[in-house]
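Q: Please take a close look at one part of this model, the ligand site.

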Amino acid sequence: MQIAVACSYEAMSEIAAQEILKTVRKKPQSVLALAAGSTPVLVYEKLGRFHAEKECDFSKITTFQIDEYIGLSTDDKRSFFQFFQKYLFHKITLPLHKIHTPRGMAEDIALECQRYHEEIVMSGGIDLLVLGIGSNGHIGFNEPDDFFTAKTHAVELSEATRRANSRFFKDLDDTPKWAISMGIEEMMHAKKIMLLASGTGKASALAEALTRDITPKIPASILQFHQDVLVIADEAAAMRLSADIITERII
Ligand code: F6R
């Protein structure tokens, strides 16, 4: 595991964007699985700029959303699908059939999870998985639990996650209670994983995930088992990491 600490959110985003650029230049048909949320916003904006400036052609990539709220349609502005439309897809003009999203309005959610799992398998595997981390240690919407869930599944969101994400909704009551999330095994099969963390609110979760025992109580801790993980944290998120585990400092 490589752990890079960047001096700012901007620097963290630049390294992450460059890493994605490298992956897509090497393999234009890369399969990328991507987290939504505040942390990667600037990364996706940078990819849009790279595309506009013809530094890299993203039109051949395939994307998988890591999660989606149950009960929101794909045209709901608060859905993660719309998040990606806004920050990435319309900038890199990706055809719809290359965009994979769990359908939060599916009538049969169990079937939808199965369909999504099969799409992941059929894609030939994820080349690069871009993750954020919840302040409770979740990755995707794999919430702290007594066990890890392997495949795409419906998950009841924790109070902490709903509170954190209520900023995108009217209030806590309006915030979805359930989501569909890619499972841990599907994530761990990715060839490379990049975990981004920004801000003091992520410092404890990040330190526990990287330095404590692997446990489903801190879902991100499973990443210690993966052979190719790059963690990029800004200084605020890295403040609880001891100097000896940091592999690089980026100014
Ligand atoms: C969202 C996702 C979540 C977020 C996490 C951090 O697709 O996978 O795990 O990455 O909740 O969210 P932000 O970046 O908003 O702090």
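Which backbone N or O atom lies 2.7 Å from an oxygen atom of the ligand?

A: The model is predicted, and the distances below are computed from it. The backbone atom belongs to Gly140: one of its N or O atoms is 2.7 Å from a ligand oxygen. For Asp67, a side-chain N or O atom and an oxygen atom of the ligand are 2.5 Å apart. For His138, the distance from a polar side-chain atom to an oxygen atom of the ligand is 2.7 Å. Of the accessible area that the ligand has on its own, 410 Å², the protein covers 93%.

The ligand is surrounded by 13 residues, and the closest are Thr39, Asp67, His138, Gly140 and Lys202. Sorted by class, this shell consists of six polar, four nonpolar and three charged residues. The place where the ligand sits is the largest pocket.

A further feature of the model is its aromatic pairs, which number 10. One of them joins Tyr44 and Phe83 in an edge-to-face arrangement, with 6.2 Å from centre to centre and 80 degrees between the planes. Tyr44 belongs to helix 2 (residues 41–52) and Phe83 to helix 3 (residues 80–92), so this pair ties together parts that are 39 residues apart in sequence.

Definitions and conventions: Residues are numbered from 1 along each chain as its sequence is written. This is a predicted model: local features need pLDDT of at least 70, side-chain atom pairs count only at pLDDT 80 or more; totals for chains, interfaces and linings use all residues. Side-chain values use heavy atoms; hydrogens and water are left out. A residue is near a molecule or strand if one of its heavy atoms lies within 4 Å of it. A polar contact is a pair of N or O atoms within 3.5 Å; within protein, one must be able to donate a hydrogen and the other to accept it, and residues adjacent in sequence count only if both atoms are side-chain atoms. Accessible areas come from the Shrake-Rupley method with a 1.4 Å probe; for residues, only the protein chains shown count as cover. On a 1 Å grid over the protein atoms alone, a cavity is a set of points where a 1.4 Å probe fits but cannot get out, and a pocket is an open set with protein on both sides within 12 Å along at least five of seven lines; lining residues have an atom within 4 Å of a point. A molecule sits in a cavity or pocket if more than half of its atoms lie within 2 Å of its grid points. Ala, Val, Leu, Ile, Met, Phe, Trp, Tyr, Cys and Pro count as nonpolar, Asp, Glu, Lys and Arg as charged, and the others, Gly among them, as polar. Rings of Phe, Tyr and Trp (its six-membered ring) pair if their centres lie within 6.5 Å; planes under 30 degrees apart count as stacked, over 60 as edge-to-face and the rest as tilted. Helices (H or I, at least four residues) and strands (E, at least two) are DSSP runs, numbered from the N terminus.
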